[in-house]
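Hi everyone, thanks for coming. Let me put the structure up, and then we can walk through a few parts of it together.

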Amino acid sequence: MSWLDSTVHRAMIEAALVGVLGGVVGVFVIARRLPFFTMALTHGTFPGIVIAALLGVDLYLGGGVFGLLVVLAVVVFSRARGQDFTAATGIALSGGFALGVVLVSAQDGFSKDLTAYTVGDVLAVSTSDLVITAGVAVVVLVVMAALGKELLLVAFDRDGASAVGLPTAVLDFALLAIIEVTVVATVPALGAILTVALLVGPAATARLITDRLVLLFPIAVAVGVSCALAGVWVSTQWNIAAGASIALFCGAAFGLAFLASVLRGRLRPAAGVPASPVAVPEEARA
Amino acid sequence: MTQQQDRTAALVLEKASVAYGHVPVLEELHGTVHSGEAVALIGPNGAGKSTLIKAVLGLVPTVRGRIEVLGVTPAQARRDVAYVPQADTLDPDFPVSVEQVVMMGRYRKIGWLRRPSATDRALAAEALERVGLSDRARNRFGTLSGGQRQRVLLARAIAAQPRLLLLDEPFNGVDAVSQHALLEAIAQLKQQGAAVVVSTHDLAIAHLACDEVCLLNRHQFGFGPTDEILTPERLRATYGGHALELRGDRVIVTQT
């Protein structure tokens with residue numbers, strides 16, 4: 001009997017893989033302020049999964065293709081006059097989820113799959129699911145390592161990136177596609193609604209702990225993997241939903257880091273508050 | 001005059017008109033900036049100063065006439081052109097250190113899929129030294145004051161070793177120490193043969209840092225040596241009702 005025949009072993013590996021993926025990709029999700037977009041993607045892939053299930057094709061394929069369509073739609077619509085990225089994202093979120101619900105309601109005997117899809121079931125992952133998640137993790141990590149500095153420049157200074165001739169639209173699409181692929185790979189473990197926890201929580205927690213980009217990645221990965229493994233362990237010990245446990249650990253990790261930063265007096269004014277218009281003398285800052 | 005003809009033209013505007021889609025923003029611009037010279041773009045808000053900078057970067061199309069940068073088209077010249085945005089347009093919460101921002105100036109020359117070499121690191125460190133912020137290299141960019149952030153962005157441009165430097169309102173809201181550091185670094189770049197285009201609404205700085213002035217408000221109201229162009233008549237024409245006369249020969253600009 002292979003080590004991988006154990007449900008719990010498979011669940012642990014899957015959890016560790018999505019923990020790594022969520023942590024690494026999450027750093028960019030947080031830096032570019034894309035949690036809402038990520039939330040929309042998790043819901044936007046929903047109709048793709050339903051259609052795939054109806055047609056009897058691979059669920060990953062259905063969700064992946066539909067998610068890419070959502071990414072394209074958001075990018076195109078956000079360029080329309082008088083619209084911004086968040087408006088297009090909101091429409092994609094509600095529209096995608098609604099379309100999925102309509103498709104499901106038109107069918108009978110589909111509700112079991114639907115539950116697994118919306119809140120996930122990491123204890124049900126098969127060896128082939130593991131292979132897909134591992135493959136996605138390798139591809140995402142290689143692409144992010146290869147395009148790292150260009151993605152960083154576009155994220156920090158769009159005009160500056162255009163000025164040196166970088167294809168900013170292509171790089172934007174590359175990042176959104178990376179997020180999309182990560183979402184689709186994470187859905188079987190956490191479900192559509194909870195996936196966002198692993199893509200936002202660990203990186204947001206890391207951001208509370210450090211300001212340094214090089215440290216953000218390892219800390220986010222450590223938090224992501226720990227939360228994912230702890231969630232699976234708690235779930236098997238007390239027979240509670242694994243996806244929800246993982247999401248709760250992510251929330252708890254963020255809460256603890258937040259408390260710690262309050263105690264250390266490290267909190268800055270909220271991002272939405274504009275900086276003081278009065279120039280502070282350099283000497284006072286040093 | 002022969003000396004002037006010997007110098008290389010870094011930026012040539014030839015009856016250039018620039019438009020976003022079908023809406024013309026700037027019309028009939030005409031003038032030349034030589035290597036080693038600085039020109040100030042002066043005009044009220046909405047005059048098209050930023051648009052001209054974007055056109056020189058090849059990001060906004062020239063619909064009539066011609067813009068030539070370092071002897072080629074703007075898009076072809078990008079490798080040798082550096083752009084300094086206004087510091088307050090960048091997210092102060094972004095998790096990036098001062099030295100990482102300066103290194104971004106090397107990205108174009110490093111190229112895709114490669115990492116910074118020892119040479120790139122040395123050039124970035126030297127650029128940061130030139131704006132006097134070596135001691136802040138490891139700080140997060142957003143923790144610096146506005147003026148210091150502007151200096152870091154200039155260091156990023158210096159690290160790119162440009163032949164043409166474009167600065168968009170670099171002196172806005174900048175304290176005296178940083179203003180001095182910026183002016184010093186710009187003067188040094190000029191000495192090394194770079195051409196500089198700087199948009200500003202500060203006429204004193206234009207006098208101090210620039211050899212030439214381009215008065216802009218949709219059209220060009222003058223392009224030439226600073227003393228010749230910054231006259232009360234031309235300023236009144238450029239700023240319309242927002243220029244007030246002061247003791248006959250001086251002008252106050254009430255809206256910038």
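A quick definition before we begin: helices (H or I, at least four residues) and strands (E, at least two) are DSSP runs, numbered from the N terminus. Please keep in mind that this is a predicted model, where local features need pLDDT of at least 70, side-chain atom pairs count only at pLDDT 80 or more, and totals for chains, interfaces and linings use all residues. Residues are numbered from 1 along each chain as its sequence is written, and chains are lettered from A and ligands numbered from 1 in the order in which they are written.

Let's start with helix α11 of chain A, residues 242–263. Its 22 residues should span 32 Å at 1.5 Å a residue, and the end C-alpha atoms are 31 Å apart, which agrees; the expected span is 1.5 Å times one less than the number of residues. Just after α11(A), Gly265(A) has a positive phi of about 65°.

Now to where the chains meet. Chain A gives 24 residues to the contact and chain B gives 26, with two residues in contact if their C-beta atoms, placed from the backbone, lie within 7 Å. On the chain A side, the elements giving two or more residues are α7 (127–156), α8 (158–163), α10 (213–238) and α12 (282–285).

Finally, over to chain B. Where is Val198(B)? You'll find Val198(B) in strand β7, residues 195–199. Leaving out residues up to four places away in sequence, Val198(B) touches Ala38(B), Ala40(B), Leu41(B), Leu167(B), Pro170(B), Ala209(B) and Cys210(B). Leu90(B) lies 108 residues from Val198(B) in sequence and 19 Å away in space, C-alpha to C-alpha.
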